[in-house]
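Let's walk through one protein model together, starting at a turn between strands and ending among the aromatic rings. Keep the structure open while you read.

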Amino acid sequence: MREPISHPELSDTEQEILAFWRDNNVENQYLKRNENSEKKFRFLDGPITANNPMGVHHAHGRTIKDFYQRYKNMQGYKQRFQNGFDCQGLWVEVEEEKNLGFDSKRDIENYGIDKFCRSCRARVDKFSKVQEDQSRRLGMFMDWDNSYYTMSENNNLHIWHFLKVINEKGWIYQGIDAMPWCTRCGTAISQHELSDGGYKDVNHESIYVRFRLVSAVDEILVNKFSLENNDLSFLVWTTTPWTLLSNNAVAINPEITYAIVKQNNEYLILAKNRTEVL
């Protein structure tokens, strides 16, 4: 992990301000400022995942959320200022796998699922405290003693109760949907998980296949372009080589310019702007 950039004067000022707030009970006065107000502002913190220390992007988002709550507090609205921690899911699991040096999900089974669950919980306990300290340093005033944790029994029982109620109302239905699937983790993944840096683009060897031209088509092209022989093939690229066994056709795009290119002793037909693959 990259070491944070530190400036002695800024760090000293930060500590002085934090000490002033603490010594003068500023945070508590702020939280209780409107406790008797009839106006209420509802804010539910979308919980930060407690799997690592906060990054700059986390600080950005939390600063914006804190700004709105401060604004409403200045307007006299009563709020509950409850922070949240997301404690479940692939974010925590994958990071703890890295910490334990695991290479596959089978390693979890060998290690013991119960032990791994306890290890993940310990990770959440550790980094929720780290993130709380970082948030305090950002100047966030929250009711830190009453943060909610998604792994709590209270939270999970409320979720089951919610599902029970909407099922009784007939709002749950069974259907079919297509969604990204992580073959390594053996679970469905969200678009957020795909785009958040947990996955990266990698280069793999591609499959290129020659489809020989035969009969009259072959002869026409050989004569039209004065080819030296009739060894003429379409050069086809596919991302699904397992379908070649039952392949029925080659797709030709009328909007693309194709070229006949001689390579060694054969002629290949391919898109003109793809000749660099030869």
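Start at the hairpin made by β8 and β9, where two residues sit between the strands and asparagine 264 in the turn has a positive phi of about 55°. Before going further, a word on the source: this is a predicted model, where local features need pLDDT of at least 70, side-chain atom pairs count only at pLDDT 80 or more, and totals for chains, interfaces and linings use all residues. Residues are numbered from 1 along each chain as its sequence is written, and side-chain values use heavy atoms, with hydrogens and water left out.

The names come from DSSP runs numbered from the N terminus: helices are H or I with at least four residues, strands are E with at least two. Two strands count as paired if DSSP finds at least two bridges between them. β8 and β9 (residues 266-271) run antiparallel and are joined by six bridges. Valine 261 has leucine 268 in β9 as its bridge partner, and isoleucine 260 stands opposite isoleucine 269.

Next, the rings. Rings of Phe, Tyr and Trp (its six-membered ring) pair if their centres lie within 6.5 Å; planes under 30 degrees apart are stacked, over 60 edge-to-face, and the rest tilted.

| Pair | Centre to centre | Angle between planes | Type |
|---|---|---|---|
| Tryptophan 21 and phenylalanine 141 | 5.0 Å | 80° | edge-to-face |
| Tyrosine 30 and phenylalanine 141 | 5.2 Å | 65° | edge-to-face |

Why does the tryptophan 21 pair tie together parts that are 120 residues apart in sequence? Because tryptophan 21 lies in helix α1 (residues 8-23), while phenylalanine 141 lies in the loop between α6 (113-138) and β3 (148-149). Tyrosine 30, in helix α2 (residues 26-31), is 111 residues from phenylalanine 141.

Phenylalanine 141, at 5%, is buried, and so is tyrosine 30 at 12%; tryptophan 21, at 26%, is partly exposed.

Trp21, Tyr30, Phe81 and Phe141 form one aromatic cluster. Tyrosine 30 also has the charged end of arginine 70 over its ring, 5.0 Å from the centre (the rule: CZ of Arg or NZ of Lys within 6 Å of the ring centre and within 35 degrees of the ring normal).

Key
Buried means under 20% relative accessible area, exposed over 50%, partly exposed in between (1.4 Å probe, protein chains only).
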